[in-house]
Amino acid sequence: MNQKLQTITITAPDDFHIHLRDNDALKTTVPHASANFRRVVCMPNLVPPVKTTADAMAYRERILSHVPKDSISQQFEPLMVLYLTETTTPQDIEEAVNSGTVKAVKLYPAGATTNSADGVTNLNNCTEVLAKMESLGLPLLLHGEVTHDHVDIFDREKRFIDEVLTQLIFKFPKLKIVFEHITTSDAVDFVLSQNKNVCATITPQHLLFNRNHLLVGGLKPHFYCLPVLKRQSHQEVLLDVATSGNPKFFAGTDSAPHATHSKENACGCAGCYSAPIALSLYAQAFDNVGKLENLESFTSIHGAKFYGLPVNSDKVTLVRDAWQVPDFYEYLSDKTLTPLMAGQMLNWKVLPFGFAV
């Protein structure tokens, strides 16, 4: 049935994990995000990090100042997140909840990814904060990897489940948790084994690619992200559960802009930039396995319900129409930004909000 489908109209989607960066970067990232998503959960790993509600409110205003000035884009809503540190207090959590703007708190194990130096070294130092979050229903978003040097990079998600996440849920069984950008069958099995308080986001790159795409024939820097791409067997499990219609799994692109010269060097930055093409990528992944009928629930329904948000009221249409991803986008004052799948063809094109065929 889906092989003959030429258009699909779905509820306007949300991205529950995106990096917009700050300042001049917002001139590029915000228009890209607002053209594809109604709401985005904005990661707080800026320099300096978004640690307080005041920080979050100021960052939100900077984001909104770069939303294109048209009636459609003006519906774009950034959802703010605090960066968890070992000095975060229960009072910080109360203020966040009372703001109505801060929707979650993000746990970065120190050293796990970009701008995570201020992250948590020992979660036991955050017990009072986690208890307050549990009692107030504020979700904890997890970058789920251990950072010990002796642990193989391909095993760090599994070790995080065994050594950190299992104990966290034992201590705080009612805490709402989003296991971000999961990459392994181990993470899928764990999320499926938990109650409705534990969900997960999945990126387009982890649905479409595996470590062969990153490594075979030479290192491909624009496929390098953290958590790193895993075996094909893990990719297949992620694709199966994402397209299944299970409400525990929803879209979070982890789109992360790094200037091209920063990606294409001897120690290239981790992160795939997908914001302007993410919905097309998700559609391609779902179409590959004949599950386009479940795209809407994954991109537009499950995440909103987990966060207690109203489902978006408007629609977006995708058409089966092959198009070429740009080689690059202008970025900052004199740089370029290379997207995932630059120069390659995609099968699904997203029509602007408000347009249909």
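Colleague: Which strands does helix α12 lie across?

Modeller: In this predicted model, helix α12, which spans residues 295–307, lies across β1 and β10, and it runs at about 25° to β1.

Colleague: What is the order of the strands in the open sheet?

Modeller: The open sheet has three strands in the order β1-β10-β13, and their pairing is antiparallel. Because β1 (7–11) and β13 (345–350) stand at the edges with a single partner strand each, one side of each is left without a neighbour in the sheet. On average, neighbouring strands of this sheet are turned by 35° against each other, direction ignored.

Colleague: And how many bridges join β10 to β13?

Modeller: Five bridges join β13 to strand β10, which covers residues 315–324, and Gln324 stands opposite Met345 in β13. Helix α11 (residues 278–288) also packs on the sheet, where it touches β1, β10 and β13, and its direction makes about 115° with that of β13.

Colleague: Changing topic, is Thr28 buried or exposed?

Modeller: Thr28, which is found in helix α1 (residues 26–36), counts as buried because its relative accessibility is 11%, and the cut-off for buried is under 20%.

Colleague: What is Thr28 in contact with, leaving aside neighbours within four places in sequence?

Modeller: With those neighbours left aside, Thr28 is in contact with Tyr273, Glu330, Tyr331 and Leu337.

Colleague: Last one, which residues of α6 are buried, and what do they pack against?

Modeller: In helix α6, residues 185–193, the buried ones are Ser185, Ala187, Val188, Phe190 and Val191. The buried residues of α6 pack against the helices α5 (156–171) and α9 (232–242), and against the strands β7 (177–179), β8 (198–202) and β9 (249–251).

Notes:
Residues are numbered from 1 along each chain as its sequence is written. This is a predicted model: local features need pLDDT of at least 70, side-chain atom pairs count only at pLDDT 80 or more; totals for chains, interfaces and linings use all residues. Side-chain values use heavy atoms; hydrogens and water are left out. Buried means under 20% relative accessible area, exposed over 50%, partly exposed in between (1.4 Å probe, protein chains only). Helices (H or I, at least four residues) and strands (E, at least two) are DSSP runs, numbered from the N terminus. Contact means heavy atoms within 4.5 Å. Two strands pair if DSSP finds at least two bridges between them. Axes are lines fitted to C-alpha atoms, for helices over the stretch in contact, and angles run from 0 to 180 degrees between N-to-C directions.
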